[in-house]
Amino acid sequence: MSPYSAILGTGASLPRRAVSNQELTEFLAAKGVETSAEWIETRTGIQQRYLCEPDETNSQMATKAALRALTAASLLPDQIDLIILATSTPDQVFPSTACAVQAEIGAKNAMAFDIQAVCSGFVYALTVADSMIRAGQARNALVIGSEVFSRLMDWHDRTTCVLFGDGAGAVVLQASEAPGVMGCKLHSDGTLSGILNANGRIDGGKIVGDPFLRMDGQAVFRQAVSVLGNSALELFESLSFKLEDLDFLVPHQANVRILHSVAKKLKLPEERVVITVGMHGNTSAASVPLALNHAVEQKQIKKGHNVLLQGVGGGFTWGSVLVRM
Ligand SMILES: CC(C)(COP(=O)(O)OP(=O)(O)OC[C@H]1O[C@@H](n2cnc3c(N)ncnc32)[C@H](O)[C@@H]1OP(=O)(O)O)[C@@H](O)C(=O)NCCC(=O)NCCS
């Protein structure tokens, strides 16, 4: 058994098609939905998002992200013994999207399952993978966040449909004698399920309930700023970790104004916050690994950096994972 787990490599994959605010605005105008590229950018920081075409699937993107993370980690698929995939938009009800990825990459020695914690999914999956590695249940894990949130959009609801995008990100986590993952802290509050949900379900061959994502944007905004700030401080205190030793914050990418508010609350200079929401929109469980991979590829985040990964979203769920890269 190893006392820690550590991130060995990262990878990402996006749909073929990038859709600018202008293009989305024209698409929505044709449906009689009024918005503007300027409103979207000033209220959210989003400039574009990637949207899946009908032939693109969650598991295809997850598979590409996983293979890229394996390459970065110099590992082969059959060396992976655990695959955890965070998603709220799986390929199908079952089997899991993680099992589809396992089959695609040929990770024949792995156990594979999905985790559903909406936009906190990746930090939940990373926490579970870290715990399983430290308990001796696995040595090499693929932890993936992959979403096709565009399929939950009501394209007549301008308060939600301009915000979300599709994509996948992955990391390889390996047992290690040194951190790696320094600490994790997760939270949920199911009494807040009403502020962000997609409550439809399949029942008797039909969809019962609402098949679309619904959100009280202002309530979610307030909650997100409050819980992200508190969650960082709580984890730092439990680890006796000093904020000045943090190199980068990689938070869930929902709205640039949320990210600026969290940075202000933590007194963290904005240049130490990784911001990719402009390029990707909100990709739910994929947003943190997509942002992490981007910062690694840009050589912004390097080996030895202390990085705080944070998720927040439907449930309500939230959590933080502190990692030395
Ligand atoms: C959704 C969000 C961008 C809305 O921004 P906001 O500044 O709170 O805007 P409001 O909801 O106060 O709406 C302001 C006005 O803009 C309008 N508006 C909403 N969406 C619009 C759009 N796409 N285009 C143009 N106008 C829009 C509203 O109807 C409202 O008009 P009114 O004043 O005439 O009633 C913001 O609340 C947010 O980002 N919330 C968090 C969302 C989130 O993070 N979700 C995922 C969490 S995992």
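P95 is placed in the loop that runs between strand 4 (82-86) and helix 4 (97-105). In this predicted model, the peptide bond that joins F94 and P95 is cis, with omega at about 0°. G180 belongs to the loop between strand 7 and strand 8 (181-188). Another backbone detail concerns S240, whose phi is near 50°, a positive value in a residue other than glycine. S240 is found in the loop between helix 7 (217-239) and strand 13 (248-251).

From these local details the reader may turn to the division of the chain. The protein chain consists of domain 1, residues 4-177, and domain 2, residues 182-324. The C-alpha centres of domain 1 and domain 2 are 14 Å apart.

How many residues of domain 1 are in contact with domain 2? There are 48 such residues in domain 1, and they are in contact with 43 residues of domain 2. The size of an interface is often expressed as the accessible area that is lost when the parts come together. For domain 1 and domain 2, the area buried between them is about 3,500 Å², and 64% of it lies on carbon and sulfur atoms. Of the area that domain 1 buries against domain 2, C119, V123 and Y124 supply 17%, more than any other three residues.

Several elements of domain 1 each supply at least two residues of the side that touches domain 2, among them strand 1 (4-13), helix 2 (37-44), strand 3 (48-51), strand 6 (140-148) and helix 6 (158-161). Helix 5 (121-134) and strand 7 (166-176) also belong to this group. Helix 5 gives the largest share of the side of domain 1 that touches domain 2, namely seven residues. Sorted by class, this side of domain 1 has 22 nonpolar, 19 polar and seven charged residues.

Salt bridges form a further kind of link. The whole structure contains nine salt bridges, and the count between domain 1 and domain 2 is two. Which residue forms a salt bridge with R214? The partner is D157, and the N to O distance between the two side chains is 3.5 Å. R214 lies in strand 12 (residues 214-215) and D157 lies in the loop between strand 6 and helix 6, so this pair ties together parts that are 57 residues apart in sequence.

Finally, database annotation may be set beside the model. An unreviewed UniProt entry places the feature "domain: Beta-ketoacyl-[acyl-carrier-protein] synthase III N-terminal" at residues 113-190. That span is 23% helix and 40% strand, and its end C-alpha atoms lie 23 Å apart. The UniProt annotation "domain: Beta-ketoacyl-[acyl-carrier-protein] synthase III C-terminal", likewise from an unreviewed entry, covers residues 240-325. Over residues 240-325 the chain is 30% helix and 23% strand, with 19 Å between the end C-alpha atoms.

Note on methods:
Residues are numbered from 1 along each chain as its sequence is written. This is a predicted model: local features need pLDDT of at least 70, side-chain atom pairs count only at pLDDT 80 or more; totals for chains, interfaces and linings use all residues. Side-chain values use heavy atoms; hydrogens and water are left out. Domain bounds come from an automatic or database domain assignment. Contact means heavy atoms within 4.5 Å. Buried area is the accessible area (1.4 Å probe) that two parts lose on being put together, summed over both. A salt bridge is a side-chain nitrogen of Lys or Arg within 4 Å of a carboxyl oxygen of Asp or Glu. Helices (H or I, at least four residues) and strands (E, at least two) are DSSP runs, numbered from the N terminus. Ala, Val, Leu, Ile, Met, Phe, Trp, Tyr, Cys and Pro count as nonpolar, Asp, Glu, Lys and Arg as charged, and the others, Gly among them, as polar. UniProt positions are given in the numbering used here, feature names are shortened, and annotations may be inferred rather than shown by experiment.
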